[in-house]
Amino acid sequence: MNNLMKCYMQYARGEKNSTIFNVMFAPFALMSSVIISSMDFLRRHGIMKVEEPPLPLISVGNLTYGGTNKTPFVEMLAKFALSRNIKAGIVTRGYTGKSHDVILIRNGEGRRELTGDEPLLLSRELPEVPVAVAKHRIAGVRALREAGAELVIADDAFQHKQLGRDVDIVLIDAICPFGNNKLMPAGIMREKTESLHRADVIVLTKSDQVAPEELNALREHVKNYADESRIFTSRIDADGWILRGVSEAPKAGGRVFAFSAIGSPESFSRSIRSAGLFMTCHKKFSDHHAYSQRDLEKVYSLAKKNNADFIMCTEKDLYNFPENYEWSFDIPLAIPKVKAVVNETEKFFALLTELLQPHIVVASNGYGEDAIGVVLAKKLRAKFPLSDVAAFPLVGRGEAYSREGFAVKSAPSVTPSGGVLKYSFRDLWGDMRAGLLKHIRSQLQDWRKISGKIRTPICVGDVYLLLNTLWGSGKRPLFAATAKTVYLSGHWRSERVIINKFTLRTWTRDKKSAEQLGGNAVFSGSPIMDLLCENGADYVRGDVVLLLPGSRQRACNDVKLLLDAVEIMSAGGEGVFRMVLAPTLPFDDFFAACESYGWQKNSDTLTKNNITISLTYEPVARAVDGVKILLGLGGTANQLCAGLGIPVISIDEKGKRVQKKLLGDSEILTEANGASLAECALRVLGDKELYEFMSRAGRERMGQPGALDDIVSYTCDVLGWDAREKVYNIFSKEKDLHVARKI
């Protein structure tokens, strides 16, 4: 049996070929490949959940079964964090541990059969660092947060893809990088080499134990999957001895009998030889083997036969000895303590700092949604000034975000209707002919480019946006459901299922909508009314008639309705008019249309005969001061004015009839001509009771602000983005100190 296992390991590690093993294990390797690929696909598109940890998390893992020095590398990272006064914690599955609950270890105090050997080793070496052993590692991370940790290092988590991470470090054993390049059980690979594309940092460990040409060849191979600037090398350095039965460490030339139960015993053998010791024999046990008294007696017997001066094992082996075991043999036990060292230390930690910067994305799909998204992005930027806050608008070019200095990560999508899914098939067909499907494909590709870098996305809009974000980024978002409310027939059953299953939390526009959605939906104020708070609007009723032509291409035609209404109202005694121009308007076409109707465009006005309309490019929330009534052909802007108590007059068409369900008695729909708009507006202005009735109805329907502040609070209290900001701040200051020293 031992010879068979030896032959199998030589085959799996690529040292010998075997037709029998190839035939025997090929079907199982194929099955593994299919399962891994299928699960990757489901996670990549958000169908299988990826949990966002409530603390910044650095994952340390590998591609193969066997030792790649993960434990000393995790220890090195934890010590680095501690040296910067960052409270680190470690989460691990705890190989061979039998507990299904989270076990928190401090000072190496724990039972090996419950926790496994490596957690005890880490805890003993790092008494200030809590080590969480957890089958479900997200539960371990939460326990570490409760224990006061500010940064989590996840041991052996590269394949644990349901746990989100900020940095993915992959270690590759330079001695035996990929074995025979086959998946288990046909080889030692846990997943294909192509998965290195996911890694943020790749470290070639044991670099001092291979020839320079071998190391260079491995580096060149890895460069197929990662930029050279993200590939590093490391080594293991001696860091003292643990001695049993003797006070002096082995000297060069001393005879050593070695035994170990580790993933890469050959590496241990090489380190013994490199220390100038003569290794008489190396007794190998299976990885993580729990030694019995009989095992240790056999080791002693073999050492005696080999005339060994010392018996030697690894520090991890010590934690697999019987509990409270005392070494009593006449041949002393010597255990080398080791530490991991990255050869390009400053460069490594500079990159680690860069990768720890939080990246936040606000996604939206429409002019009104963009306006709300900008407010939210500004609140996030104020709360997390060191984080990179960016935008992902699905409609238009994202001008609203760009003006406020936010990077736009999505490809532009400019279509005739100005949207994605419209009320008429005719509009949808026109958008598709204009390249809508191409736009969607490009935006999904853009999600893929940033998905590994961003935290939980925040969506402002409808379920289509949610699905686009989910499929593209693979992350379940926070969702401000601004598109639907129970006053607009509410969300369909299918939408309710999607929202409850695929969002972390949903904020609705009103309390009744939150009750309809159930699940994780909450109401903490209207996100639409939050526009007023951000823009500092101090609404005072005056004499201005506000005109909103809309934000899309059709405004070039619809503006005639407003201009005709202005002429009629002016003749009826109204004389102060203000028009808000959305940044998404095609201005050349728009003003050309105005001029064709006899209106003259000046720098900031439209004039005809003795009538003047002042023009403003400010957000509606800033343009409402002094307004008494709205002639509005917009969407969100109409709702915003209604929420301020400004009566809304609009045209009777399918889209506006849907909006009327929301605005209720605060809005009146008329025939689509200027005369009807003017007549209705004059009637409302002339009837004080009707005016006040509409004003009250709008304020009641739209509610109070507060949703966006609650979203920001949630990112701190639940998602731990404040901890990410703090850790990055400390790391970046350290990086700046390195730069200062060089200067």
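Helices (H or I, at least four residues) and strands (E, at least two) are DSSP runs, numbered from the N terminus. In this predicted model, F384 sits in the loop between helix 12 (367–383) and strand 14 (388–393).

Is F384 buried or exposed? Its relative accessible area is 1%. The cut-off for buried is under 20%, so F384 counts as buried. Leaving out residues up to four places away in sequence, F384 touches I360, T715, C716, W721, D722 and E725. F384 and S417 are 33 residues apart in sequence. In space, their C-alpha atoms are 36 Å apart.

## H439 in helix 15

H439 belongs to helix 15 (residues 436–450). With a relative accessible area of 15%, H439 is buried.

Which side chain forms a polar contact with that of H439? The partner is S413, at 3.0 Å. Neighbours within four places in sequence aside, H439 is in contact with P412, S413, V414, T415 and A434.

## Helix 16 against helix 17

Helix 16 (residues 463–473) packs on helix 17 (residues 493–502). The angle is about 40 degrees, and the axes are 11 Å apart. Angles under 35 degrees would count as roughly parallel, and 65 to 115 as roughly perpendicular. The two helices are therefore oblique to each other. The crossing of helix 16 past helix 17 is left-handed.

Which residues make the contact? Helix 16 supplies V463, L466, L467 and L470. Helix 17 supplies E495, I498, I499 and F502. By class, the contact holds seven nonpolar residues, no polar ones and one charged.

Notes: Residues numbered from 1 in each chain as written. Predicted model: local features only at pLDDT ≥ 70, side-chain atom pairs only at ≥ 80, totals over all residues. Heavy atoms only, no water. Axes fitted to C-alpha atoms, helices over the stretch in contact; angles between N-to-C directions. Parallel < 35°, antiparallel > 145°, perpendicular 65-115°, else oblique. Left-handed = near helix turned anticlockwise from the far one by under 90°. Contact = heavy atoms within 4.5 Å. Nonpolar A, V, L, I, M, F, W, Y, C, P; charged D, E, K, R; others polar. Buried < 20%, exposed > 50% of the residue type's maximum accessible area, 1.4 Å probe, protein only. Polar contact = N/O pair within 3.5 Å; in protein donor to acceptor, adjacent residues only side chain to side chain.
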